[in-house]
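Please look at the sequence and the model first.

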Amino acid sequence: AKADGRHTFRFFEPAMDESARERLQLQQDLRRAITEGQFELHYQPLLGFRENIMTGCEALLRWRHPERGMVPPLDFIPLAEDTGLINEIGDWVMRTACAEAAHWPSDIRVAVNVSPIQLKSPTLALHVASALSAAGLAPERLEIEITEAVLIGDDDVALDILHQLHAMGVRIALDDFGTGYSSLSYLKRFPFDKIKIDRCFVSDIGADSSSAIVQAVVSIAAASNMTTTAEGVETGAQQTALRQLGCTEMQGYLFSAPKPAAELRKLFAPGPIV
Ligand code: C2E
Ligand code: CA
Ligand code: CA
Ligand code: CA
């Protein structure tokens, strides 16, 4: 439609600085990215600490832009959120991730990031149910990751959606724990199965108060029947410290960077992999 075209904005262009122009261009490109098949998902393994066995993989979105090459998610997801396109993109991510996971061994889950904007849409649970049934994937094999941003303000819709998903058997993980507007009260109100401990605590482990923080999070999780995943594990020393602190799972470059679906499938061999 013409309303979506460049001409609509011409009047404002002289006043626009370079970054605003660039943002507008990227926004127009983003609208085409789904229909033109420019998105792909990479998958990063999550490993259980006890036996070093893969328990799941997180789907991470990649945009192969025709001129710019790979655009990192943090460069376009905020834009997709501002424009509402995240709902359509998020639905594509959910369907694609569920369809891929249906090819994996049945004890491997798939974790999908869900934006706070998606959790404002009352039809989200229906969309997820539809993605699961189209893929033939059991709801127990899907884990959605949400950030603390969901938990602030008027969260009745989000809370209701999360309860619906949880009742279906979908697992809920709280992502980037400790980086947002932390209040422990929401851990009681929301149906979380897992806390993902942000990379900033993992990278400093041993050096400062981070290990005490990790230890506290592990205790809180255990007391509330939640597991913990340490994010961004890059060194053997971090792995050792996190295991001693009682984390359930780890994820990070030490074991594997996110990989395209075809490469990930090669990792599915029986037995310990680290
Ligand atoms: P996140 O959910 O916290 O994902 C983890 C990020 O850390 C990923 O960055 C991953 O590639 C990176 N990472 C993993 N292991 C390591 C490590 O050992 N060291 C370091 N330095 N980094 C590591 P990525 O793929 O660039 O994604 C960035 C963020 O974009 C994600 O953070 C998530 O918030 C968002 N995102 C990615 N895919 C999606 C999506 O499909 N939907 C939504 N709504 N957000 C997404
Ligand atoms: Ca995540
Ligand atoms: Ca995270
Ligand atoms: Ca993050």
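## Basis

This is a predicted model: local features need pLDDT of at least 70, side-chain atom pairs count only at pLDDT 80 or more, and totals for chains, interfaces and linings use all residues. Residues are numbered from 1 along each chain as its sequence is written, chains are lettered from A and ligands numbered from 1 in the order written, and side-chain values use heavy atoms, without hydrogens or water.

## The shell around ligand 1

Ligand 1 is surrounded by 21 residues (a heavy atom within 4 Å). The closest are Q44, L61, R62, E234 and Y253. By class, nine are nonpolar, five polar and seven charged. Strand 2 (53-65), helix 2 (73-83) and strand 6 (171-177) each supply at least two shell residues. Strand 2 gives the most, with four.

For Q44, the distance to a ligand nitrogen is 3.0 Å. For E58, a ligand oxygen lies at 3.2 Å. For N113, a ligand oxygen lies at 3.1 Å. On its own, ligand 1 has 800 Å² of accessible area (Shrake-Rupley method, 1.4 Å probe), and the protein covers 83% of that.

## The calcium site

D176 lies in strand 6. Its OD atoms are the protein donors of the calcium ion (ligand 4), 2.9 Å from that ion. Donors are N, O and S atoms within 2.8 Å of the metal, or 3.2 Å for Na, K and Ca; water is not among the atoms, so sites may look incomplete.

Technical notes:
Polar contact = N/O pair within 3.5 Å; in protein donor to acceptor, adjacent residues only side chain to side chain. Nonpolar A, V, L, I, M, F, W, Y, C, P; charged D, E, K, R; others polar.
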